[in-house]
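Let's take a friendly walk through a protein model with more than a single chain. Have the sequence and the 3D view open as you read.

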Amino acid sequence: MEMDMEYKWPYENETEKEERTSCDVLVLGGGMAGCYAAIAAARHGASVIVVEKGATVRSGAAGSGFDHWETACTNPGSRVTPREIAEAFIDEQSGYSNGIAQYICCREGWDRLLDMESFGGKIRDTEDEFKGADFRDDETKLMYAYDYKNRYTLRVWGTTFKPALVKEMKRLGVKIYDYTEATALLTAVKDGKKRTVGAVGMNTRTGKLLVVSAKETVLAMSRPARVWLFNPDLVGLCEFRPPQSIGSGHAMGWRAGVEFTMMEKSVPGEFSAAGRSFPPYGTGNNHNTWYAATMVDARGVEIPYVDRDGRELKTVAERYLPAPGQKFFLKGGVIDEAKYEYRGPETMPFEELVKRGYKLPFYADLSRMPEMERKVIWGMMIGQEGKTRVPILQNYTERGFDPEKHALQSYGTGWKSASFLDQERQLFGAPGGILNDWDLKTNIDGLYAAGDQLYASDCAGFAAATGYYAGRKAAQAAAQAVYTAFSEEDVEAEKKRIYAPLGRERGINWKELNMAISKAMQNYCGGIKNEELLNEGLSLLQEYEDTIVPQLCCDNPHELVRTHEVLDILTVSKMILHACLLRKSSSKPLYFERTDYPEMDPERDAHFITLRQENGRVIRGDVPLNYYGDVEKEYEKRNQDYIQGGHR
Amino acid sequence: MKKLTAREIPCSAEPLLFDDGLCIGCNRCMNVCQVDIMIPNPVRGKHPVVLYPGECYYCGSCVMECPREGAIRLQHPVMNRAKFVPVKRPELSQTLRNEDTMTVKFKDLAYTRPDEEAVIRGIKEAQAKLTAAADWEAARAAFEAFHRIMESFRSACQIAQIRFTQNVRDPFYEKENEVLGMIAPRVEEAAHDFYGALLSCPYSGQIDREYGPMLLKKLRYKEAGGGEAVTKLLQEENRLMAQFQAVSGTSRIAFRGQVIPAEQLYPYKGDRDRDTRREAYRAEGDYFLQHCEQLEDIFDKLVKNRNAQAQALGFRNYADMSLVFMNRMGYGLEEIAYYREQVKKYWVPAVREIKEMQRKRLGLSELKGYDNLLYFPDYNPAPKGDSQAMLAACSTMFHELSAETGEFFDSLLERDMFDLDSRDGKAPGGYCGSVDSVRSPFIFSNFNGTTRDVDVLIHESGHAFAAYEAYKNGIAAECREASSETCETHSTAMEMLTMPWHQLFFGKDADRYDLFLMERTLTYLPGGCASDEFLTIVYRNPDMTSNERHALWKKLREEYEPHFADFDDIPLYGDGREWLIDPQLFLCPFYLVDYGLARNVSLQLFMLQQKDPELAWEKYLRFVSFGGTKTYMEAVREIGMEIPFEGEAIRRVIEPMLEWVKRQNEKCRAE
């Protein structure tokens with residue numbers, strides 16, 4: 001037994017050392033968004049540094065792969081325009097959508113895929129594995145998902161992507177700091193205005209400090225997590241995204257005064273394999289990666305698919321086609337129950353199934369599907385989607401699962417594969433984040449945001465497209481900018497903050513605080529909210545900040561990183577509570593319910609409420625839902641260089 | 001700063017396993033882990049140490065990175081190992097057999113599409129067991145297994161059929177019916193084979209003893225009337241019938257600025273204002289005019305299809321075959337022809353008298369076709385209250401009538417086995433269906449505020465009562481339902497024997513209703529004969545053109561129902577094409593004559609009731625209790641009534657009934 005074994009810390013102790021460096025464009029976060037941002041900036045002639053907490057080659061939500069590239073509306077097979085799909089997404093989300101980012105994604109997504117192909121990533125069925133399949137264009141060898149008629153979502157071989165991106169970054173001379181966490185933005189006031197001038201980071205193995213001076217900075221880290229859902233035993237399975245992706249970018253942005261919106265939005269949990277649910281994609285379901293698997297009930301009776309009009313579909317092929325009279329349908333990561341106009345085929349609602357005598361448990365039974373559809377779900381999608389190649393495809397196969405012979409059980413009554421309680425919440429399905437302008441710039445000069453850090457963010461394709469765009473804009477700005485000095489006092493203060501827990505001989509472990517925060521958030525910021533609860537929550541979190549934080553203690557840089565994460569979770573939780581206090585009404589699209597303001601989506605509040613921090617005070621802003629104007633016109637006004645310049 | 005230490009933080013799971021034999025300690029796994037949960041092993045060349053197993057994200061990047069396949073493996077926590085099972089092909093639906101479904105309301109009954117292959121496989125297995133049975137016990141077990149399969153299948157069909165008629169625009173049940181229409185003939189074919197095996201098994205003595213002699217008798221009829229030879233044709237026939245239903249069930253008739261289902265036109269056809277009556281018929285005629293060709297085409301295909309069925313089974317035509325599928329036992333087409341002759345001889349003249357009374361009542365110089373439904377010049381009797389009020393009246397009536405009927409009606413009310421109000425999208429007409437799995441009948445109607453609401457409710461209650469009794473008496477499925485002359489006796493006798501309670505529905509107008517009921521009953525008979533003769537000729541001469549069919553219809557109308565012959569120039573009604581909208585001619589040919597055979601017996605019971613109500617009810621109950629275990633002739637004789645095609649039975653019914661009508665007419669006039 002190796003239980004409770006003590007080891008010597010295997011890495012050099014560099015907690016007293018620091019490295020100083022500089023670049024034109026500093027990218028914080030080395031996931032899909034960060035890598036594309038770095039490549040764009042480097043292509044535009046900037047010197048680039050990427051700071052990544054893990055190993056860039058496999059880090060981020062898409063590190064181990066992904067299978068769908070959504071809304072690549074300009075791919076050669078597409079029968080929709082970027083405007084059509086972007087506007088449909090905006091409408092589908094009742095305006096609480098990132099119109100700018102959605103449009104960029106629809107407009108430039110295909111360009112990023114072509115880039116990916118040039119880096120060595122696989123985006124076509126070059127081996128002709130699926131020749132002749134309904135979802136494949138035999139000429140271009142592109143493979144489509146969901147809506148086979150309109151062909152705007154592509155099936156891709158995402159396991160090849162991160163290594164290809166790293167190779168390309170290296171080729172372009174991007175300097176990558178792996179196993180380095182960014183902990184703070186450095187700001188300065190220039191011409192009376194605050195701007196970002198660099199960032200502080202720390203090596204997660206040696207504890208060495210990194211101070212980067214940068215002309216422009218791109219925030220490309222994750223959305224917050226482990227806010228409501230925490231399990232100290234299986235920390236890695238608390239949430240859908242990687243455990244170290246907990247919203248540090250949001251936290252450091254908040255501390256620096258960045259403006260956020262939609263932070264009041266949280267949804268009942270969809271994934272937490274530490275608790276109620278199972279490994280993502282590892283149970284019988286018919287969404288996303290598994291769309292449109294044949295589902296059967298306990299008796300083996302097939303569960304009917306219906307179109308938006310309730311018309312029962314006769315064939316598997318129809319599950320991939322719009323309803324009669326419908327131009328296209330929307331499916332994908334942030335689409336849950338689409339509005340009638342965009343609703344695609346779906347299995348009959350659970351209540352109806354029960355009425356008709358269907359019995360739980362349900363199963364996905366791929367054996368009944370046409371061979372190509374079966375093979376593409378089990379073998380390609382399961383295999384290329386993140387966390388599936390080894391954990392699902394390989395692992396289940398080793399356990400004896402054969403899609404031709406076995407049906408995989410479904411838990412709960414739908415794709416979420418578990419029934420979460422109302423207070424078990426997550427930032428999922430286009431959650432809140434940083435408010436951006438048409439340059440994907442934040443309210444602070446020199447600071448851009450991409451991917452999951454943007455408000456109403458979506459999936460991997462979104463991260464790639466917005467990352468590239470932000471990197472491009474940052475590089476263009478950097479070309480005109482000069483370095484601005486940061487204050488040494490700020491660096492000293494940050495050093496004091498981040499190393500403190502390592503200096504304590506005894507104290508409280510990070511897990512204990514994370515547990516306390518998530519319990520507080522479940523109690524005071526659950527499904528139902530009111531002024532008093534939210535204020536109680538803030539007061540309790542403040543108490544933690546004042547009394548528990550000074551007692552945090554850990555033994556090595558790895559645990560120090562985890563401790564920093566909890567500090568960030570604490571910061572983000574407070575921001576969420578503040579955001580909830582600002583919206584004095586309830587909202588369906590924001591999954592926001594206040595018992596003291598039960599009125600649903602009143603006209604007076606039908607806009608983005610933003611918040612930022614200034615000298616410890618919360619400043620509210622109100623921004624119209626369509627603040628970005630006509631997506632196509634506004635985009636084209638600002639991107640002629642890109643349109644004319646070979647889409648680079 | 002204190003000394004850095006590393007201590008393994010165990011958790012409840014062990015995400016990563018290493019094979020020491022394969023691992024070369026290259027640490028590549030460790031260096032791609034984004035959560036950085038491993039540290040290098042202090043022993044060089046050995047696999048890394050998983051210091052923070054609880055932080056594992058189960059992404060598998062470490063395994064993907066490993067240069068030695070199998071050196072590192074990932075395993076999910078036990079609780080997260082999703083279950084998988086060998087694929088199942090659905091077995092027979094068990095959902096319908098739950099005891100607790102016996103009290104479920106109809107609307108809550110679960111419907112599941114039967115799995116065609118499983119049903120057929122089940123039947124074949126039962127047949128194999130039957131054939132291999134070493135003794136009667138084993139054979140009976142096989143027969144009962146077969147029953148269970150069939151019941152489950154039938155119940156699904158019954159539910160789907162009822163739900164479809166409740167809303168013919170429901171795409172789900174439309175589809176289910178379409179599918180079941182394809183499945184049913186195949187199931188019937190398998191059942192047919194099973195019955196063949198049952199007929200040839202050596203236990204007929206035991207079968208007779210245990211299930212009654214009717215079972216094998218019926219099976220022989222069934223054998224003669226079905227089987228593989230007609231499966232395809234039956235499927236086609238089902239499709240054609242569904243087409244007819246689709247045309248008639250979705251009719252939307254423009255009438256006086258609104259568009260209404262044909263059903264809702266009915267009250268206007270009996271309106272006091274003659275122009276309104278005429279206009280109502282015309283609206284309907286005009287509407288169906290545009291569907292005439294389609295209906296003619298469907299009918300023609302049905303005739304050819306059914307004759308093909310007949311020929312495939314060795315009959316000359318479908319009229320000959322009707323004896324088999326109508327389960328006419330102990331009599332044939334000759335007896336029916338004799339019955340029609342008798343009707344023509346005695347009944348038609350009596351009806352003429354009745355119609356003359358009606359004309360006088362109405363004060364018309366001439367009774368036109370569109371005047372038939374107006375029975376009284378000032379107002380037709382109409383039921384008081386809505387469907388709920390009528391159900392309440394019915395409940396009182398059945399409780400007072402007898403303990404048996406009270407129990408029966410309570411059971412239906414409890415399970416809400418009714419759909420009575422007319423609605424857009426609902427199929428026309430009224431019927432009594434049943435759901436075998438829950439052992440209950442179901443009553444369907446389209447209430448429109450006229451007498452017909454009561455007619456249908458009581459009539460269908462008669463059927464429903466018989467069905468309920470048959471379920472209660474545990475009669476084998478094959479014998480539960482009697483042949484249709486018998487069934488229609490259950491229903492039409494109920495209409496008449498409940499006469500003392502009709503004031504519950506009509507108050508002071510009950511006398512009027514009873515007069516109307518009897519006039520309608522008596523005037524109906526010739527029409528049934530006309531339809532029967534029409535179909536007999538049509539099926540014997542399948543190559544008749546549509547125009548020839550129209551001419552034949554017109555001629556027969558004039559012979560049997562002269563009062564229906566003159567509709568001025570109203571399309572369809574006035575030109576001999578009216579039959580195209582009669583669902584009975586399309587959906588249940590040769591059935592119409594049965595109403596006459598039935599009413600003859602009912603009228604005899606009614607006349608007996610005038611003298612001895614208790615005896616009449618006792619005979620009725622006895623007649624109902626036979627279910628389908630006796631032939632029509634046997635059952636009628638058993639209760640001491642006369643068979644209508646024997647001797648002058650017809651005359652002996654119509655003469656006193658004409659007198660009754662005259663008396664009632666006087667009574668109403670006096671009031």
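Here is a short briefing, sorted by topic. Keep in mind that this is a predicted model.

**Chain B as a whole**

- Chain B is built with 26 helices and 11 strands.
- Its length is 671 residues, and 61% of them count as buried.
- Take the contacts in chain B between residues at least 6 apart in sequence: 74% of these join residues at least 24 apart.

**A close-up of one residue**

- Find B:Ala635, which sits in helix H25 of chain B, a helix covering residues 632-638.
- Is B:Ala635 buried or exposed? Its relative accessibility is 1%, so B:Ala635 counts as buried, the cut-off being under 20%.
- Leaving aside residues up to four places away in sequence, B:Ala635 touches B:Phe623, B:Phe626 and B:Lys630.
- B:Phe623 is 12 residues from B:Ala635 in sequence, and their C-alpha atoms are 6.3 Å apart in space.

**Where chain A meets chain B**

- On the chain A side, 91 residues are in contact with 69 residues of chain B.
- About 6,800 Å² of area is buried between chain A and chain B, and carbon and sulfur atoms give 55% of that.
- How many residue pairs are in polar contact across the interface of chain A and chain B? The rule finds 30.
- Several elements of chain A each supply at least two residues of the side that touches chain B, among them strand S1 (6-8), helix H11 (488-503) and helix H14 (557-582).
- The largest share of that side of chain A comes from H9(A), with seven residues.
- Sorted by class, the side of chain A that touches chain B has 38 nonpolar, 25 polar and 28 charged residues.

**Salt bridges between the chains**

- Side chains of opposite charge can pair when their charged atoms come close.
- Between chain A and chain B the count is four salt bridges.
- In one of them, the side chains of B:Glu55 and A:Arg562 meet at 2.7 Å, N to O.
- B:Lys175 forms a salt bridge with A:Glu312, and the closest N and O atoms are 3.6 Å apart.
- That pair crosses between chains: B:Lys175 is in helix H5 (residues 171-200) of chain B, while A:Glu312 is in the loop between strand S13 (305-306) and strand S14 (346-347) of chain A.
- B:Lys175 is buried, with a relative accessible area of 11%, and A:Glu312 is buried with a relative accessible area of 11%.

**Salt bridges within chain A**

- Over all chains, the count comes to 114 salt bridges.
- A:Arg299 pairs with A:Asp297 in a salt bridge, with 2.6 Å between the closest N and O atoms.
- A:Asp297 is buried at a relative accessible area of 0%, and A:Arg299 is buried at 16%.
- A:Lys584 and A:Glu531 form a salt bridge too, their closest N and O atoms being 3.1 Å apart.
- Why does this pair tie together parts that are 53 residues apart in sequence? Because A:Lys584 lies in the loop between H14 and strand S20 (607-614) of chain A, and A:Glu531 lies in helix H13 (residues 531-548) of chain A.
- A:Lys584 is partly exposed, at a relative accessible area of 29%.
- A network of salt bridges links A:Glu18, A:Arg20, A:Glu488, A:Glu492 and A:Lys495.

Terms used:
Residues numbered from 1 in each chain as written. Chains lettered and ligands numbered in written order. Predicted model: local features only at pLDDT ≥ 70, side-chain atom pairs only at ≥ 80, totals over all residues. Heavy atoms only, no water. Helix = DSSP H or I, 4+ residues; strand = E, 2+ residues; numbered from the N terminus. Buried < 20%, exposed > 50% of the residue type's maximum accessible area, 1.4 Å probe, protein only. Contact = heavy atoms within 4.5 Å. Buried area = accessible area lost by both parts, 1.4 Å probe. Polar contact = N/O pair within 3.5 Å; in protein donor to acceptor, adjacent residues only side chain to side chain. Nonpolar A, V, L, I, M, F, W, Y, C, P; charged D, E, K, R; others polar.
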